[in-house]
Amino acid sequence: MATTSTSAKQSRKNRASLASGPGGPWSGQAPRRVRQAYEGDANEQGWALWCRHLARRKLRPISKLFQGRQSPLVWALPPGVDAEQAERVIELLRRPRLADRRTAGLDNAALCWLSRADVAEPDAGFALECLAWCAALPSLAEYTGERAWWQLANRLVAIAAAESGREDPLVAQLLHGELPTMLACQLPELAACRALAAVSRRTLEESTRLLDDEAMVHGSRLDALRPLLACWTRWRVIDQELDASVWSDATPRRYARLVEHVLRLSRPDRTQLFSPPEAPPWNRRLVKTALRLVDSAKTRRIARLIASGGKGSRNPRRRVPSPSFDIESAGIAVLSCDWRRRSPRLAVNYSGPQLVMELSLGRECLWTGPAEIQVRIDGWPVVPRQGWEQVCWESDRDVDYLELELRLSEDISIQRHLALAREAGFLLLADAVLGVCPRKIEYRARLPLADGTTFRAERETREGTLAVRGRPRARVLPLALSEWRSGPSCGTLGAAGGPLELAQEAAGQCLFAPLFIDFDSRRLVRQATWRQLTVGEDRQVVSRDVAVGYRVQIGKSQWLVYRSLAEPGVRTVLGKNLMHEFLLGRFGSNGKVKTIVEIES
């Protein structure tokens, strides 16, 4: 008798939990009165009980999970989204009582959106609308009719559960990652919503479509970095409200790295590197929430260094993360002297066939945008065969060094050297054009000067000064050109109201075009000079398409630059025997060269 009674109770319990309503099968969290009311024909009573349950249940609404008056959906709008329209829709649904007190108003709005959702493209704007409607679902029951409300809930569940793959990877994170978690949190009474946790977990596993192993977006998708952080931050806050988290053990570590990348790739004014001047700064509430969720001492230390302007970063007793980094898989590198706001910083995006660079001194930007390179061989232009590739990356307390290579047609390649000397305070930017047979080589390189930056050429010499709003900030020396304008030269350096352009010509197999850019404000008023050095091999002077050397002097400071352009060999420069492909060094008081960076062949 006891066993039969228990089985009967379990059977009735299972039938109740599997009973269906307008939203499909109920879960065990659905109130019995609501389930029973919807089992019969009295749907009006079921709807009334359902609305009463939504208004009285103890679950915190989405709006209460986030601090601040602004909706978290506008923390970082994805690219291509109309900001004004998105904010208008989000605020309308966030405060339905203030937006429209008439039931018919939001009821009609919901039905109109449903009809549009059937044919809408799954883009970022549509994804934000889905999240806005989902966040407002519990409160909307007071302002919409039963039919519109349940159609809206069922449509959002169908969108969240749909197979991803055709959408943009960022849109997939919004629609099939954040939206399913929000539905599971908002409507745990529906079995379909509770089952969406598996969709969220699968979306996290598929995030490699957008993030590499370093938790970094590809350089071509850099505009999705902050929107992705906003998505994952909202997702994480909501996920903590669930009984069982959908985040795996490795996801918090990836999230911490994502936060770190957002911090590192920000200018002192909090806008993102490579973004236009009118771009908005980061949302303080987003960053504050993200740092609260992060369980990484390194990420928090970086945030403190940025907030304090690098205070304490030069203390040798403290373990300070390097301000420089290179992520080859993403095609992004940042060369920086230190964490101080006024420190020189060069950011490079080499993820595509066109190199994008940004050089700044604190809040002052010297150049930003595509760094164009044009090469002609015997008068004919050569074009890239593929994108830029990283050849070498070195970073220590003396220098950040990045070497990139671009292969062109006609068996031509360009190797770009970027060396930022941390202590010395200068940047060497040099291109080596490498060929296979003697020809006439014409080379042009352009650096897009930022708004407010001008180039002032000297009258008697070929050097010049980069000035920001009239204030001199850097000196530019074209080492391959003769110093004095009165003498012969193989090229020119100038701006003419546009980008800074270096043009050179050579007859031979190779060409080397170096620019020495000095940031030290104390050296700007001192005399500068440079010389092309003689390079010898086997007691013979080699031609300039075999190897080149330069000596730079500013005040009492002197440096040596050497580049081998042919097969490696023992060559002599200023009495120093070299077997390196590239050498950058500084002359000491004893006349000896102290190596800053050397690259072997």
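**Note on a predicted model: helix caps, salt bridges and loops**

1. Start at helix H4. Asp-82 caps its N-terminal end, with a side-chain oxygen 3.2 Å from the backbone nitrogen of Glu-84. A polar contact here is a pair of N or O atoms within 3.5 Å; within protein, one must be able to donate a hydrogen and the other to accept it, and residues adjacent in sequence count only if both atoms are side-chain atoms. Helices (H or I, at least four residues) and strands (E, at least two) are DSSP runs, numbered from the N terminus.

2. A word on the basis. The model is predicted: local features need pLDDT of at least 70, side-chain atom pairs count only at pLDDT 80 or more, and totals for chains, interfaces and linings use all residues. Residues are numbered from 1 along each chain as its sequence is written, and side-chain values use heavy atoms, with hydrogens and water left out.

3. The overall picture comes next. The protein has 601 residues, and 54% of them count as buried. Buried means under 20% relative accessible area, exposed over 50%, and partly exposed in between (1.4 Å probe, protein chains only). The secondary structure comes to 15 helices and 27 strands. Along the principal axes, the C-alpha atoms fill a box of roughly 110 × 50 × 50 Å.

4. Surface and contacts follow. The accessible surface is about 28700 Å², and carbon and sulfur atoms account for 47% of it. Such areas come from the Shrake-Rupley method with a 1.4 Å probe; for residues, only the protein chains shown count as cover. Take the contacts between residues at least 6 apart in sequence: 59% of them join residues at least 24 apart. Contact means heavy atoms within 4.5 Å.

5. Back to H4. Does its length agree or disagree with expectation, and what is the span? The 12 residues of H4 should span 16 Å at 1.5 Å a residue, and the end C-alpha atoms are 16 Å apart, which agrees. The expected span is 1.5 Å times one less than the number of residues.

6. Ala-86, Ile-90 and Leu-93 are buried. They cover an arc of only 70 degrees around the axis, so they sit on the same side of H4. That arc is taken from the directions from the helix axis to the C-beta atoms. The face turned away from the buried side carries the exposed residues Glu-84 and Arg-88. An α-helix has 3.6 residues a turn, so residues three or four places apart point the same way.

7. Salt bridges deserve a look. A salt bridge is a side-chain nitrogen of Lys or Arg within 4 Å of a carboxyl oxygen of Asp or Glu. By this rule there are 26 salt bridges. Side chains of opposite charge can pair when their charged atoms come close.

8. Another pair is Arg-257 with Glu-214, at 3.1 Å from N to O. Arg-257 lies in helix H13 (residues 251-264) and Glu-214 in the loop between helix H11 (197-205) and helix H12 (225-239), so the bridge ties together parts 43 residues apart in sequence. Arg-257 is partly exposed at 29% relative accessible area. Glu-214 is partly exposed at 33%.

9. Arg-264 meets Glu-260 at 3.1 Å, N to O. They are 4 residues apart in H13, which means a separation of about one helical turn. Both Arg-264 and Glu-260 are buried. Salt bridges that share partners join Glu-214, Arg-257, Glu-260, Arg-264 and Lys-298 into one network.

10. Now some loops. Asp-520 is placed in the loop between strand S18 (500-518) and strand S19 (528-533). Asp-520 is buried, with a relative accessible area of 13%. Leaving aside neighbours within four places in sequence, Asp-520 is in contact with Ala-424 and Gly-425.

11. The last point concerns backbone angles. Most residues other than glycine have a negative phi, and most peptide bonds are trans. Asp-538 has a positive phi, near 55 degrees. Asp-538 sits in the loop between strand S20 (535-537) and strand S21 (540-541), and is exposed at 69% relative accessibility. Arg-539 has a positive phi near 65 degrees. Arg-539 lies in the loop between S20 and S21, and is exposed at 87% relative accessible area.
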